[in-house]
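Open the model in your viewer and keep the sequence panel beside it. The stops below say what to select next and what is there.

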Amino acid sequence: MKSTYRYIFAAMITVGCVAAKAQNLNSAYFVDDFKFRHSLNPAFGNEQSYFSIPALGNVNVSTQGNFGVKDVIMDNPLYGQPGQKQLTTFLNPNISVGDALGGFSTGNNKLVEDLKLSILSFGFKGFGGYNTFEINLRQTLGVSLPYEFMEFAKNVGNNEYNIGDINIGAQAFAEVALGHSRQINDKLRVGAKLKFLVGAGRADVKIQNLTANLSAPDRWTLTGNGQANVSMKGFEFKSETKEYNDASRPSYRQVNDVDVDGAGIGGFGMAVDLGGVYKYNDDWTFSVALVDLGFINWKNNVQAVNNGEPFEFGGFNDMSVSHDNNGETIDDKFDDLGDQFTDFAHLKDEGDQGGRTTGIGATINLGAEYTLPVYKRVKFGILSSTRLQGKYSWTEGRVSANYSPLKWLNGGVNFAVSSFANSMGWVLNIHPKGLNLFVGMDRLLGKVSKQGIPLNSNTSVSVGMNITW
């Protein structure tokens, strides 16, 4: 199996362009009878019962981040000369420092992904309210890189860098969710979901208080505390013996690959969704929800560490990028960069440390909806969403205008400001008896490369098809 660190480094620079963030369509929070509003707030019900068409009921491909592929992979200024490819990375010495680093935030550079694939979902009226059942596959990924890491990778000429903290995390699990909402009185409606979680795997890599000092013209001395924790059945690190440049120092063992012997259940957990909707009067409605408050207890925790002992590193090297099959491809280049990151992390295998318990990342939604008194078919909404997930947390505020020209047709447009970028969104929901179709975007799709990869890391497309009655 190829090195974990090859894909960790590849994830750093590509997750913003290929990640699938199929969470929930926030643009539809105030759209009546949008079948999956209960995923945003379990207190919401529907006028219709529904059954999702497997794998087609709710498909949402989206990404979020404050840098993207356009900031990492660039046009090669030497393209056209012998042996030069059309694309290169920001590491290319022929790209100026200003152009190379201009797209990165001077704080933390973040990319987040939250994949939620609906295998089966249905909702129906009964038991005094509205009930839902779901089976979903979920996966999350987060990357947080300080600006100083990008600066060091480019190596703009300083003799010392205080890089700070690097954080990368990913997890995959399945969930079975049971939900119920009901009207308490003419003003208040409440709802809850109970979720049973089955963990497939989780990995967390962090390097803290990292510094780099130039010790020779082409060598750096790095100091920092690094740790990788992986919880997955049959997982183990593989190591190689390496020699220091200083012959007086003994050889050392360093993680350079991983192995997974089979696959299976890595852990179990539970989560809850809680929500409420309060109709203040005929014009104003307020809502609040806490989604995905839960944990997974993992059976094992295979750990590799760097305990802060100084070590030497040769720096990151540029790569040319090819998308064809002639010679080395982009995957080969990611392997090369992954090997460099392996040396950069400098981790030593510590074996299985026993089980651990981790959260799955909760979200708080706060909404206020205003119905136009003179024309009830028009509604305006304000939605605040906050993701609570440590280094990968984010906040978004969204203002929307929604219109229902027909009983079976509604939708809206909206504008959002988030921790990553400003964006425009829209949604169209068609829901006659017998069939529900919806399409929408939380973030409009921007420019794409010739290979169809979005150049901006903030994009979103959502579609779904469901049977209704």
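**Stop 1: paired charges**

Select Asp-204 and Arg-202, whose side chains meet in a salt bridge at 2.9 Å, N to O. A salt bridge here is a side-chain nitrogen of Lys or Arg within 4 Å of a carboxyl oxygen of Asp or Glu. This is a predicted model, in which local features need pLDDT of at least 70 and side-chain atom pairs count only at pLDDT 80 or more, while totals for chains, interfaces and linings use all residues. Residues are numbered from 1 along each chain as its sequence is written, and side-chain values use heavy atoms, with hydrogens and water left out.

Asp-204 and Arg-202 are both buried. Buried means under 20% relative accessible area, exposed means over 50%, and partly exposed is in between (1.4 Å probe, protein chains only).

Arg-356 lies in strand E18 (residues 356–359) and Asp-204 in strand E8 (residues 188–216), so the pair ties together parts that are 152 residues apart in sequence. Strands (E, at least two residues) and helices (H or I, at least four) are DSSP runs, numbered from the N terminus. Arg-356 is buried, as is Asp-204.

Side chains of opposite charge can pair when their charged atoms come close. How many salt bridges does the structure hold? There are 16. For a linked set, select Asp-114, Arg-138, Glu-175, Lys-195, Asp-273, Asp-292 and Arg-387, which a network of salt bridges connects.

**Stop 2: the largest pocket**

Next, find the largest pocket, which holds about 1,200 Å³ of space. Of the 43 residues that line the largest pocket, Asp-32, Asp-33, Arg-37, Glu-47 and Lys-379 are the closest to its centre. A pocket is found on a 1 Å grid over the protein atoms alone, as an open set of points where a 1.4 Å probe fits, with protein on both sides within 12 Å along at least five of seven lines; lining residues have an atom within 4 Å of a point. Grid points are joined across faces, edges and corners, and the volume is the space filled by probe spheres set on the points.

The largest share of this lining, 4 residues, comes from E21. The lining residues divide into 14 nonpolar, 14 polar and 15 charged. In this count, Ala, Val, Leu, Ile, Met, Phe, Trp, Tyr, Cys and Pro are nonpolar, Asp, Glu, Lys and Arg are charged, and the others, Gly among them, are polar.

Stay here and select Arg-37 and Asp-32, whose side chains meet in a salt bridge (3.9 Å, N to O). Arg-37 counts as buried because its relative accessibility is 9%. Asp-32, with a relative accessible area of 30%, is partly exposed.

**Stop 3: positive phi**

Most residues other than glycine have a negative phi, and most peptide bonds are trans. Select Asp-33, a residue other than glycine with a positive phi near 60°. Asp-33 sits in the loop between helix H1 (4–18) and strand E1 (50–52). Is Asp-33 buried or exposed? At 6% relative accessibility, Asp-33 counts as buried.

Move on to Ala-55, which is not a glycine but has a positive phi of about 70°. Ala-55 is in the loop between E1 and E2. With a relative accessible area of 44%, Ala-55 is partly exposed.

**Stop 4: a covered helix**

Select helix H4 (residues 147–154), where 7 of 8 residues are buried. Among the buried residues of H4 are Tyr-147, Phe-149 and Lys-154. Asn-155 follows H4 and has a positive phi, near 55°.

**Stop 5: across the chain**

Val-59 lies in strand E2 (residues 59–65). Select Val-59 together with Val-463: they are 404 residues apart along the chain, and their C-alpha atoms are separated by 5.3 Å. Val-59 is partly exposed, its relative accessible area being 26%.

Gly-351, in strand E17 (residues 348–352), is 122 residues from Asn-229 in sequence and 9.9 Å from Asn-229 in space, C-alpha to C-alpha. Gly-351 counts as partly exposed at 22% relative accessibility.
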